[in-house]
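User: I would like to go through this model term by term and ask what each label rests on.
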Amino acid sequence: MHMGAADPRNGPQFGAGPPRKYMAAYDAATGAAKSWPNAALDVDALAVSGSTVYAGGSFTRIGGEARNAIAALDSATGAATNWNPNPT
């Protein structure tokens with residue numbers, strides 16, 4: 001399960017684990033938080049296709065890499081993939 005948020009103070013937080021900023025992933029069976037890297041600014045849209053999570057928002061960094069507004073992330077680790085359209 002993946003969640004995005006527009007405000008880090010009200011970010012996706014439930015189940016066990018540390019608070020997340022702007023984006024989080026949880027094990028659907030246990031509710032345990034996965035150790036994904038935080039995003040830098042809002043994550044407003046998420047879509048999942050196979051093992052990839054696509055994110056859109058006003059972020060400048062996500063998945064441990066610089067990405068502007070749109071990114072593809074590995075659904076297991078949260079790491080940014082090589083796809084980087086870099087919209088301006």
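User: In the hairpin of β3 and β4, which residue takes a positive phi, and how many residues lie between the strands?

Analyst: G50 takes a positive phi near 60° in that hairpin, which has 2 residues between its strands. This is a predicted model, in which local features need pLDDT of at least 70 and side-chain atom pairs count only at pLDDT 80 or more, while totals for chains, interfaces and linings use all residues. Residues are numbered from 1 along each chain as its sequence is written, and side-chain values use heavy atoms, with hydrogens and water left out.

User: What makes β3 and β4 a pair of strands?

Analyst: Strands are DSSP runs (E, at least two residues), numbered from the N terminus, and two of them pair if DSSP finds at least two bridges between them. Strand β3 (residues 43–49) and β4 have 6 bridges in the antiparallel sense, so they count as paired under that definition. Within this pairing, V43 has G57 of β4 as its bridge partner. β4 also pairs with β7, again in the antiparallel sense, over 5 bridges, and there G56 stands opposite I70 in β7.

User: Why is the pair of Y54 and W83 called edge-to-face?

Analyst: Rings of Phe, Tyr and Trp (its six-membered ring) pair if their centres lie within 6.5 Å, and planes under 30 degrees apart count as stacked, over 60 as edge-to-face and the rest as tilted. The ring centres of Y54 and W83 are 5.6 Å apart and the planes stand at 85°, so the pair is edge-to-face. Because Y54 lies in strand β4 and W83 in the segment after β7, the pair ties together parts that are 29 residues apart in sequence. The structure holds 1 aromatic pair.

User: Why is Y54 called partly exposed?

Analyst: Buried means under 20% relative accessible area, exposed over 50%, and partly exposed in between (1.4 Å probe, protein chains only). Y54 has a relative accessible area of 34%, and is therefore partly exposed; W83, at 39% relative accessibility, also counts as partly exposed.

User: What makes a set of residues a nonpolar core, and which residues have the most contacts inside the largest one?

Analyst: Such a core is a set of buried Ala, Val, Leu, Ile, Met, Phe, Trp, Tyr and Cys residues joined through side-chain atoms within 4.5 Å. The largest nonpolar core has 13 residues, and M23, V43, I62 and L73 have the most contacts inside it. β2 (23–25), β4 (52–57) and β7 (70–74) each supply at least two residues of this core.

How values were computed: Helices (H or I, at least four residues) and strands (E, at least two) are DSSP runs, numbered from the N terminus.
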